[in-house]
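Work through the exercises below with the sequence and the model open. Try each task before reading its solution.

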Amino acid sequence: MKKVSKKVTGMMGALILSTSLALPVYANQEQPGTILFSGGLHTQSIYQFNPETLQTKRITSGNSVDVSPSGDMITYIKHDSVYVADSSGKNAVRLTRSRFPHFDSSPRFSPDGEKIVFARSDGNLYTIELENKKVTQLTKAEDGVFHSSPDWSPDGKKIVFHSTDKDGNTGLFIMNADGSQISPLTGHNDPKSSEYSPHFSPDGKSVLFEKSQNGQTDIYVMNLATKQARNITADLDKAASGAVWSEDGKQILFTVNEKNEKEKDSSSFYIMNKDGSNKKMLQMQVKYATPSKWKALNLSEQEEGFLKKVKNFLLD
(Lines give C-alpha, C1' and ligand atoms only; values in the text may rest on other atoms or scores of the structure.)
Protein backbone atom coordinates (compact mmCIF):
# COMPACT_ATOMS: atom_id res chain seq x y z
CA MET A 1 0.00 0.00 0.00
CA LYS A 2 1.25 3.46 -0.90
CA LYS A 3 1.22 5.44 2.32
CA VAL A 4 1.03 9.21 1.96
CA SER A 5 2.92 10.84 4.80
CA LYS A 6 1.78 14.14 6.27
CA LYS A 7 5.18 15.54 5.41
CA VAL A 8 4.67 14.74 1.74
CA THR A 9 1.23 16.29 1.52
CA GLY A 10 1.85 19.14 3.91
CA MET A 11 5.06 20.77 2.78
CA MET A 12 8.18 20.38 0.73
CA GLY A 13 11.39 19.64 2.59
CA ALA A 14 14.86 21.02 2.14
CA LEU A 15 16.28 20.19 -1.26
CA ILE A 16 19.46 18.14 -1.57
CA LEU A 17 21.61 19.01 -4.54
CA SER A 18 23.29 15.64 -4.71
CA THR A 19 23.21 14.08 -8.15
CA SER A 20 24.25 10.61 -9.17
CA LEU A 21 26.70 10.31 -12.06
CA ALA A 22 25.01 7.23 -13.49
CA LEU A 23 24.19 7.21 -17.20
CA PRO A 24 21.22 9.52 -17.91
CA VAL A 25 17.93 8.15 -19.19
CA TYR A 26 18.25 10.16 -22.41
CA ALA A 27 21.80 9.32 -23.41
CA ASN A 28 22.21 9.41 -27.21
CA GLN A 29 18.67 10.75 -27.66
CA GLU A 30 17.26 14.13 -28.58
CA GLN A 31 17.50 16.79 -25.85
CA PRO A 32 14.22 16.38 -23.95
CA GLY A 33 13.85 19.90 -22.56
CA THR A 34 14.29 21.27 -19.05
CA ILE A 35 12.41 20.20 -15.94
CA LEU A 36 11.54 23.09 -13.62
CA PHE A 37 10.72 22.32 -10.02
CA SER A 38 10.55 23.97 -6.63
CA GLY A 39 11.79 22.75 -3.26
CA GLY A 40 12.85 23.93 0.16
CA LEU A 41 11.40 23.99 3.66
CA HIS A 42 11.87 27.48 5.07
CA THR A 43 12.86 29.32 1.90
CA GLN A 44 11.54 27.75 -1.29
CA SER A 45 13.57 28.01 -4.47
CA ILE A 46 13.05 27.23 -8.15
CA TYR A 47 15.45 24.93 -9.97
CA GLN A 48 16.21 23.76 -13.48
CA PHE A 49 17.03 20.08 -13.96
CA ASN A 50 18.45 18.70 -17.20
CA PRO A 51 17.36 15.05 -17.56
CA GLU A 52 20.12 14.42 -20.10
CA THR A 53 23.10 15.67 -18.10
CA LEU A 54 21.47 15.28 -14.64
CA GLN A 55 22.61 18.79 -13.73
CA THR A 56 20.57 20.86 -11.28
CA LYS A 57 20.69 24.65 -11.12
CA ARG A 58 18.95 27.02 -8.73
CA ILE A 59 17.62 30.04 -10.63
CA THR A 60 15.57 32.06 -8.12
CA SER A 61 13.54 31.90 -4.94
CA GLY A 62 9.84 31.06 -5.17
CA ASN A 63 7.55 28.17 -6.06
CA SER A 64 4.86 26.93 -8.49
CA VAL A 65 6.77 27.87 -11.64
CA ASP A 66 5.45 27.82 -15.22
CA VAL A 67 7.11 28.60 -18.57
CA SER A 68 5.76 30.85 -21.33
CA PRO A 69 4.88 29.27 -24.69
CA SER A 70 7.95 30.88 -26.27
CA GLY A 71 10.18 29.52 -23.50
CA ASP A 72 11.76 32.89 -22.70
CA MET A 73 9.79 33.74 -19.53
CA ILE A 74 8.75 32.08 -16.30
CA THR A 75 5.96 32.94 -13.89
CA TYR A 76 5.98 31.86 -10.26
CA ILE A 77 4.88 32.70 -6.73
CA LYS A 78 7.01 34.76 -4.37
CA HIS A 79 5.96 36.87 -1.38
CA ASP A 80 2.43 35.45 -1.83
CA SER A 81 2.21 37.19 -5.23
CA VAL A 82 2.58 36.45 -8.95
CA TYR A 83 5.95 37.26 -10.53
CA VAL A 84 7.46 36.96 -13.99
CA ALA A 85 11.14 36.78 -14.95
CA ASP A 86 13.24 35.71 -17.89
CA SER A 87 13.80 31.97 -18.20
CA SER A 88 17.11 32.17 -16.33
CA GLY A 89 15.30 33.64 -13.30
CA LYS A 90 16.66 37.16 -13.78
CA ASN A 91 14.91 40.51 -14.33
CA ALA A 92 12.04 39.63 -11.98
CA VAL A 93 8.85 41.69 -12.08
CA ARG A 94 6.09 41.55 -9.47
CA LEU A 95 2.63 41.52 -11.07
CA THR A 96 0.32 41.29 -8.04
CA ARG A 97 0.54 42.68 -4.52
CA SER A 98 -1.04 40.11 -2.23
CA ARG A 99 -0.04 40.18 1.42
CA PHE A 100 -0.39 37.56 4.16
CA PRO A 101 -2.93 36.28 5.16
CA HIS A 102 -4.06 36.75 1.55
CA PHE A 103 -2.05 35.01 -1.17
CA ASP A 104 -1.95 34.02 -4.83
CA SER A 105 -1.01 30.58 -6.15
CA SER A 106 -0.57 28.33 -9.21
CA PRO A 107 0.10 30.85 -12.02
CA ARG A 108 -0.09 29.46 -15.57
CA PHE A 109 0.57 31.18 -18.89
CA SER A 110 -2.18 31.24 -21.51
CA PRO A 111 -1.29 29.47 -24.79
CA ASP A 112 -0.86 32.83 -26.55
CA GLY A 113 1.43 34.08 -23.76
CA GLU A 114 -0.63 37.21 -23.16
CA LYS A 115 -2.28 36.30 -19.85
CA ILE A 116 -1.63 34.36 -16.67
CA VAL A 117 -4.38 32.51 -14.84
CA PHE A 118 -3.94 32.07 -11.08
CA ALA A 119 -5.82 31.26 -7.89
CA ARG A 120 -6.37 33.51 -4.88
CA SER A 121 -6.96 32.73 -1.23
CA ASP A 122 -10.52 34.08 -1.53
CA GLY A 123 -11.32 30.84 -3.38
CA ASN A 124 -11.54 32.33 -6.86
CA LEU A 125 -9.62 32.14 -10.12
CA TYR A 126 -8.29 35.23 -11.89
CA THR A 127 -6.36 36.24 -14.97
CA ILE A 128 -3.84 39.06 -15.30
CA GLU A 129 -2.80 40.59 -18.62
CA LEU A 130 0.96 40.90 -18.89
CA GLU A 131 0.97 44.07 -20.95
CA ASN A 132 -1.15 46.23 -18.65
CA LYS A 133 -1.60 44.28 -15.37
CA LYS A 134 -5.39 44.19 -15.77
CA VAL A 135 -6.84 41.60 -13.37
CA THR A 136 -10.11 39.86 -14.23
CA GLN A 137 -12.04 37.67 -11.78
CA LEU A 138 -13.25 34.52 -13.54
CA THR A 139 -15.21 32.74 -10.81
CA LYS A 140 -17.55 33.66 -7.98
CA ALA A 141 -17.04 30.93 -5.41
CA GLU A 142 -19.61 30.49 -2.67
CA ASP A 143 -18.53 30.85 0.95
CA GLY A 144 -16.43 27.86 1.93
CA VAL A 145 -15.64 26.88 -1.67
CA PHE A 146 -12.06 27.18 -2.90
CA HIS A 147 -10.93 26.87 -6.52
CA SER A 148 -7.23 26.29 -7.21
CA SER A 149 -4.60 24.80 -9.54
CA PRO A 150 -5.94 26.12 -12.88
CA ASP A 151 -4.54 24.99 -16.24
CA TRP A 152 -5.33 26.16 -19.80
CA SER A 153 -6.38 23.93 -22.66
CA PRO A 154 -3.90 24.14 -25.58
CA ASP A 155 -6.35 26.21 -27.65
CA GLY A 156 -6.94 28.64 -24.76
CA LYS A 157 -10.71 28.07 -24.75
CA LYS A 158 -11.01 26.03 -21.54
CA ILE A 159 -9.57 25.99 -18.02
CA VAL A 160 -9.45 22.91 -15.81
CA PHE A 161 -9.07 23.34 -12.05
CA HIS A 162 -9.35 21.75 -8.61
CA SER A 163 -12.13 22.72 -6.21
CA THR A 164 -12.91 22.03 -2.56
CA ASP A 165 -16.44 22.54 -1.22
CA LYS A 166 -17.50 23.72 2.23
CA ASP A 167 -17.65 20.11 3.48
CA GLY A 168 -14.06 19.43 2.44
CA ASN A 169 -14.93 17.27 -0.58
CA THR A 170 -12.72 17.83 -3.60
CA GLY A 171 -12.87 17.26 -7.34
CA LEU A 172 -11.85 18.53 -10.76
CA PHE A 173 -13.89 20.94 -12.85
CA ILE A 174 -13.69 22.48 -16.31
CA MET A 175 -15.00 25.83 -17.57
CA ASN A 176 -14.77 28.23 -20.46
CA ALA A 177 -11.78 30.57 -20.35
CA ASP A 178 -14.07 33.46 -19.36
CA GLY A 179 -15.31 31.56 -16.30
CA SER A 180 -18.66 30.50 -17.72
CA GLN A 181 -20.23 27.03 -17.93
CA ILE A 182 -18.47 25.32 -15.02
CA SER A 183 -19.00 21.57 -15.06
CA PRO A 184 -17.50 18.66 -13.06
CA LEU A 185 -14.92 16.25 -14.43
CA THR A 186 -14.72 14.15 -11.25
CA GLY A 187 -17.35 13.98 -8.54
CA HIS A 188 -17.63 15.25 -5.00
CA ASN A 189 -19.45 12.03 -4.19
CA ASP A 190 -16.64 10.30 -2.30
CA PRO A 191 -15.36 12.10 0.82
CA LYS A 192 -12.50 9.58 1.05
CA SER A 193 -11.18 10.51 -2.40
CA SER A 194 -9.35 13.65 -3.51
CA GLU A 195 -8.42 14.60 -7.07
CA TYR A 196 -6.08 17.52 -7.68
CA SER A 197 -3.27 19.08 -9.79
CA PRO A 198 -4.92 18.76 -13.24
CA HIS A 199 -2.95 19.37 -16.45
CA PHE A 200 -4.26 19.32 -20.02
CA SER A 201 -2.30 17.12 -22.40
CA PRO A 202 -0.51 19.01 -25.22
CA ASP A 203 -3.14 17.77 -27.71
CA GLY A 204 -6.01 18.80 -25.42
CA LYS A 205 -7.62 15.36 -25.47
CA SER A 206 -6.71 14.24 -21.95
CA VAL A 207 -6.24 15.57 -18.43
CA LEU A 208 -3.46 14.35 -16.15
CA PHE A 209 -4.19 14.49 -12.44
CA GLU A 210 -3.39 13.01 -9.04
CA LYS A 211 -5.80 11.11 -6.82
CA SER A 212 -5.52 10.19 -3.15
CA GLN A 213 -7.83 7.50 -1.81
CA ASN A 214 -7.75 5.16 1.19
CA GLY A 215 -4.21 6.16 2.15
CA GLN A 216 -2.86 5.75 -1.39
CA THR A 217 -1.92 8.26 -4.03
CA ASP A 218 -1.66 7.62 -7.77
CA ILE A 219 -1.51 9.39 -11.11
CA TYR A 220 -4.42 9.20 -13.52
CA VAL A 221 -5.10 10.22 -17.12
CA MET A 222 -8.67 11.05 -18.13
CA ASN A 223 -9.93 10.82 -21.71
CA LEU A 224 -12.04 13.98 -22.07
CA ALA A 225 -14.22 12.48 -24.78
CA THR A 226 -15.34 9.55 -22.62
CA LYS A 227 -14.65 10.99 -19.14
CA GLN A 228 -12.96 7.68 -18.33
CA ALA A 229 -9.83 7.89 -16.14
CA ARG A 230 -7.06 5.30 -15.93
CA ASN A 231 -4.63 4.78 -13.06
CA ILE A 232 -1.18 4.72 -14.67
CA THR A 233 0.85 4.15 -11.49
CA ALA A 234 -1.20 1.27 -10.08
CA ASP A 235 1.82 -1.01 -10.54
CA LEU A 236 4.05 1.25 -8.43
CA ASP A 237 4.07 0.47 -4.72
CA LYS A 238 5.07 4.03 -3.86
CA ALA A 239 3.35 7.40 -3.44
CA ALA A 240 3.44 9.16 -6.84
CA SER A 241 2.84 12.90 -7.14
CA GLY A 242 3.84 16.08 -8.99
CA ALA A 243 2.91 14.74 -12.44
CA VAL A 244 3.55 16.86 -15.56
CA TRP A 245 3.51 16.18 -19.32
CA SER A 246 6.52 16.24 -21.61
CA GLU A 247 6.28 18.96 -24.23
CA ASP A 248 5.32 16.48 -26.97
CA GLY A 249 2.79 14.69 -24.75
CA LYS A 250 4.43 11.30 -25.17
CA GLN A 251 5.80 11.01 -21.63
CA ILE A 252 4.97 11.97 -18.07
CA LEU A 253 7.28 13.02 -15.24
CA PHE A 254 6.42 12.50 -11.59
CA THR A 255 7.97 12.41 -8.12
CA VAL A 256 8.18 9.59 -5.61
CA ASN A 257 8.69 10.54 -1.96
CA GLU A 258 9.92 7.81 0.35
CA LYS A 259 12.42 6.79 3.01
CA ASN A 260 15.83 5.75 1.72
CA GLU A 261 17.93 2.92 3.08
CA LYS A 262 19.12 5.22 5.89
CA GLU A 263 15.52 6.05 6.83
CA LYS A 264 15.92 9.63 5.62
CA ASP A 265 13.27 11.42 3.57
CA SER A 266 14.11 11.59 -0.12
CA SER A 267 12.46 12.09 -3.50
CA SER A 268 13.22 10.80 -6.96
CA PHE A 269 12.05 11.88 -10.39
CA TYR A 270 10.53 9.19 -12.60
CA ILE A 271 9.68 9.30 -16.29
CA MET A 272 7.19 6.99 -17.99
CA ASN A 273 5.28 6.70 -21.25
CA LYS A 274 1.86 8.37 -21.26
CA ASP A 275 0.18 4.98 -20.83
CA GLY A 276 2.21 4.31 -17.67
CA SER A 277 4.66 1.88 -19.24
CA ASN A 278 8.46 1.92 -19.20
CA LYS A 279 8.98 3.70 -15.89
CA LYS A 280 12.55 4.91 -15.35
CA MET A 281 14.08 6.74 -12.42
CA LEU A 282 16.18 9.82 -13.06
CA GLN A 283 19.28 9.55 -10.90
CA MET A 284 18.82 12.67 -8.80
CA GLN A 285 17.78 12.54 -5.17
CA VAL A 286 15.87 15.46 -3.68
CA LYS A 287 13.68 16.09 -0.69
CA TYR A 288 10.07 16.86 -1.58
CA ALA A 289 10.84 18.38 -4.97
CA THR A 290 7.69 19.41 -6.86
CA PRO A 291 7.97 19.47 -10.69
CA SER A 292 5.92 22.17 -12.39
CA LYS A 293 6.92 22.15 -16.06
CA TRP A 294 8.89 20.10 -18.60
CA LYS A 295 9.72 22.27 -21.57
CA ALA A 296 12.55 23.55 -23.75
CA LEU A 297 13.72 26.98 -22.59
CA ASN A 298 14.80 29.99 -24.61
CA LEU A 299 17.75 31.36 -22.66
CA SER A 300 18.40 34.28 -24.99
CA GLU A 301 19.62 37.39 -23.21
CA GLN A 302 17.45 39.55 -25.44
CA GLU A 303 14.62 41.21 -23.48
CA GLU A 304 11.90 40.53 -25.99
CA GLY A 305 8.14 39.98 -25.91
CA PHE A 306 5.96 40.80 -22.99
CA LEU A 307 8.73 40.81 -20.41
CA LYS A 308 10.22 43.90 -22.05
CA LYS A 309 6.82 45.60 -22.17
CA VAL A 310 6.10 44.84 -18.53
CA LYS A 311 9.56 45.91 -17.36
CA ASN A 312 9.10 49.34 -18.89
CA PHE A 313 6.83 50.32 -16.01
CA LEU A 314 7.01 47.51 -13.45
CA LEU A 315 10.72 46.94 -12.88
CA ASP A 316 11.11 45.46 -9.44
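Predicted model: local features only at pLDDT ≥ 70, side-chain atom pairs only at ≥ 80, totals over all residues.

**Exercise 1. Classify the ring pair of Tyr 76 and Tyr 83.**

Step 1. Start from the total: the model has 8 aromatic pairs.
Step 2. Take the geometry of Tyr 76 and Tyr 83: 5.7 Å centre to centre, with 20 degrees between the planes.
Step 3. Apply the cut-offs: centres within 6.5 Å make a pair, and planes under 30 degrees apart count as stacked. Tyr 76 and Tyr 83 are therefore a stacked pair.
Step 4. Check burial. Both tyrosines, Tyr 76 and Tyr 83, are buried.
Step 5. Look over the face of Tyr 83. Lys 78 lies there, 5.9 Å from the ring centre.

**Exercise 2. Describe the pair Phe 254 and Tyr 270, and state which strands the two residues lie in.**

Step 1. The rings of Phe 254 and Tyr 270 are stacked, at 5.4 Å centre to centre and 15 degrees between the planes.
Step 2. Phe 254 belongs to strand 22 (residues 251-259), and Tyr 270 to strand 23 (residues 265-273). The pair therefore ties together parts that are 16 residues apart in sequence.
Step 3. Burial needs under 20% relative accessible area. Phe 254 has 0% relative accessibility, so it counts as buried. Tyr 270 has 9%, so it is buried as well.

**Exercise 3. Is Asp 66 buried or exposed, and what does its side chain reach?**

Step 1. Locate Asp 66 in strand 5 (residues 63-67).
Step 2. Its relative accessible area is 3%, so Asp 66 is buried.
Step 3. Follow the side chain of Asp 66. It reaches the backbone nitrogen of Phe 109 at 2.8 Å.
Step 4. List contacts, setting aside neighbours within four places in sequence. Asp 66 touches Met 73, Ile 74, Thr 75, Pro 107, Arg 108, Phe 109 and Lys 293.

**Exercise 4. Characterise strand 13 and its hairpin with strand 14.**

Step 1. In strand 13 (residues 146-152), 6 of the 7 residues are buried, so the rest of the structure largely encloses this strand.
Step 2. Strand 13 runs antiparallel to strand 14 (residues 158-164), joined by 5 bridges.
Step 3. Ser 148 stands opposite His 162 of strand 14.
Step 4. The hairpin has 5 residues between the strands, and Gly 156 takes a positive phi near 75 degrees.

Definitions and conventions
Residues numbered from 1 in each chain as written. Heavy atoms only, no water. Phe/Tyr/Trp six-rings, centres within 6.5 Å; stacked < 30°, edge-to-face > 60°. Buried < 20%, exposed > 50% of the residue type's maximum accessible area, 1.4 Å probe, protein only. Helix = DSSP H or I, 4+ residues; strand = E, 2+ residues; numbered from the N terminus. Lys NZ or Arg CZ within 6 Å of the ring centre and 35° of its normal. Polar contact = N/O pair within 3.5 Å; in protein donor to acceptor, adjacent residues only side chain to side chain. Contact = heavy atoms within 4.5 Å. Pairing = 2+ DSSP bridges.
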